[in-house]
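The sequence and structure come first.

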Amino acid sequence: MSNEIVTTGTFRVKRGLAEMLEGGVIMDVVTSEHAKIAEDAGAAAVMALERVPADIRRDGGVARMSAPEMIESIQQAVSIPVMAKVRIGHFAEAQILEAMEVDFIDESEVLTPADEEKHINKHPFGVPFVCGATNLGEALRRISEGAALIRSKGEAGTGNIVEATRHLRAILTELAELAKLGELAEQEIPVISALKAKAKEHRVPLELVREVAENAKLPVPLFCAGGIATPADAAFVMQLGAEAVFVGSGIFKSDNPQKRAEAIVEATTNYMDPHILLKVSRNLGEPMTGDEIDKLETRLADRGW
Amino acid sequence: MVADSCLAGSHLTGNTAAGVSAAEVPATGVLTVGVLGLQGDARRHQDILSASGVTSKRVRQSEDLEQIGCLIMPGGESTTISMMLEANDLLQPLAAKIRAGMPVWGTCAGMILLAREVRGGRDDQVHLAAIDIVVERNAYGRQISSFEASLDIPTIGMPDFPAVFIRSPVVIEAGEEVEVLAEFRGQPVLCRQDNVLVSSFHPELTSDNRLHDMFLKEAAKCLDIQNGQLSNAAKELTTPNEASFLPSSSVR
């Protein structure tokens, strides 16, 4: 019946999984019990890591890829996709995660960077990568390196949404500006040189800038991460234009993780319905405490470039 | 019942060239296409529909069901969508609409939710049991094993269909009433039974709209039949109860 020509690891297949996660919540989990709670609460995927960002922040020291046996225990516990983090630039950690058949690799500023010059060349990998970005240039550089999904960096482990808001707004505003150029690109030679200037400014190929300008959209989904602690936070960033949310410390550092997790899932689907948002925001217990950004010792979002 | 075997009864050949039928599809204005928008790649289905000039509506609440003539259930995580079907009180109204003959197409997670039996899911996962198949979740393996293949669908005249499988389910059993339209490595990947169409792959991740066109044409035909039977039925003074089984959009 079929020609039996089968290809794996294409960009379409990698981006495809990112698209399947749209409208969903990806939850940080540190044990297989957490992972089960997350799956039961309706998580679209889990991020397996040894310590949630709030604890990484508190403990200090070098944060690395989690131990394989810890990630494997989570792979065995749930049927939804399992993601795991590697340090920026650390392609050997990524090779190990790929050998474990992790579903998605997060090249993450939450861990201590391994390379200050180069991010991972993500094209040769069969497993898709997600990378953080604080602005459009950073997003485009990660995409040209092969990322299949972009998320805001936010300021992980703070329970404070303000940085994620800044990053989402920056990316979306710059996208809209580029789209204005795209509308004119067919007719005017000065516009082509403006696109070239943008490509140079962002240090990415002209073709990528042109494609983004013409489609008025990134070629991969844009999710929000960093500081989401409440159902209202999830609805807020979805209304701003995020296509799904990552929740790190916000769930398992709160009073009632199961209930809060379910509430954030419902809020992410029904982000435009204030009555449902009100209903799911009731009786959740205390959220994680949270930090003010200018009192932090380490700004994770400054990692990467 | 009025709408039984609606999709199966129409012998469409399918277009050989993508994009041929945008103008022929009588869907716009007549048939509102719903796309279940609880979680997953609803946007991709809406994009491929709008590229053919067809507008669609996201379905999140049971009220939304009253405004649509057919429904696409997209890919995503079936455990999440299952939970949200219950949370948003959609499960019973949706099941009733499908029983009443509303054409529905499930891709990947959508197929899982329409199946009679689901293996490898969560114990409390709900499903609509709208088509007599048993599916196993993630049966091709984890994401690293996700793949693309060119699929011939000779049963409906569609050669070289670009099929994208993302952590896809496999049909491990199909009942006698189920029409297997395409197989991959000996396992059914495209099936239909009455008003229910399912695929384990994702046509919405490509720009090939042949299956979308086929679904819309059959759905439109289905509605015509229902409308015709409704007017006949009206002449014969059918009880209001029977008429209420029809999708509301067919009552105009």
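## Chain contact

The contact takes 50 residues from chain A and 48 residues from chain B. The model is a predicted one. Between chain A and chain B an area of about 3900 Å² is buried, and carbon and sulfur atoms give 50% of that area.

Across this interface the rule finds six salt bridges. One of them joins B:Arg44 to A:Glu19, with the closest N and O atoms 2.6 Å apart. The count of residue pairs in polar contact between chain A and chain B, both at pLDDT 80 or more, is 22. On the side of chain A that touches chain B, the elements giving two or more residues are β1 (2-8), α1 (11-20), α2 (32-40), α12 (257-269) and α13 (274-281) of chain A. Of these, α1(A) gives the most, with eight residues. By residue class, the side of chain A that touches chain B divides into 18 nonpolar, 15 polar and 17 charged residues.

## Helix α6 of chain A

Helix α6 of chain A spans residues 136-144 and is mostly covered, with eight of its nine residues buried. The buried residues are A:Leu136, A:Gly137, A:Glu138, A:Ala139, A:Leu140, A:Arg141, A:Arg142 and A:Ile143.

At the start of α6(A), a side-chain oxygen of A:Asn135 comes to within 3.2 Å of the backbone nitrogen of A:Gly137. Just after α6(A), A:Gly146 has a positive phi of about 115°.

A:Arg142 belongs to this helix. Is A:Arg142 buried or exposed? A:Arg142 counts as buried because its relative accessible area is 1%, under the 20% cut-off. Its side chain makes a polar contact of 3.4 Å with the side chain of A:His119. A polar atom of the A:Arg142 side chain also lies 2.7 Å from the backbone oxygen of A:Trp305. Apart from neighbours within four places in sequence, A:Arg142 is in contact with A:His119, A:Lys122, A:Cys131, A:Gly132, A:Ala147, A:Ile150 and A:Trp305.

## Chain B and its cysteines

Chain B has nine helices and 12 strands. Of its 252 residues, 59% count as buried. Among the contacts in chain B with a separation of 6 or more, residues 24 or more positions apart account for 69%.

How many disulfides does the structure hold over all chains? The number is zero.

| Cysteine | Closest cysteine sulfur | Sulfur distance | Relative accessible area |
|---|---|---|---|
| B:Cys70 | B:Cys222 | 9.3 Å | 0% |
| B:Cys191 | B:Cys108 | 14 Å | 0% |

Technical notes:
Residues numbered from 1 in each chain as written. Chains lettered and ligands numbered in written order. Predicted model: local features only at pLDDT ≥ 70, side-chain atom pairs only at ≥ 80, totals over all residues. Heavy atoms only, no water. Buried < 20%, exposed > 50% of the residue type's maximum accessible area, 1.4 Å probe, protein only. Helix = DSSP H or I, 4+ residues; strand = E, 2+ residues; numbered from the N terminus. Polar contact = N/O pair within 3.5 Å; in protein donor to acceptor, adjacent residues only side chain to side chain. Contact = heavy atoms within 4.5 Å. Buried area = accessible area lost by both parts, 1.4 Å probe. Salt bridge = Lys/Arg side-chain N within 4 Å of Asp/Glu carboxyl O. Nonpolar A, V, L, I, M, F, W, Y, C, P; charged D, E, K, R; others polar. Disulfide = S-S within 2.5 Å.
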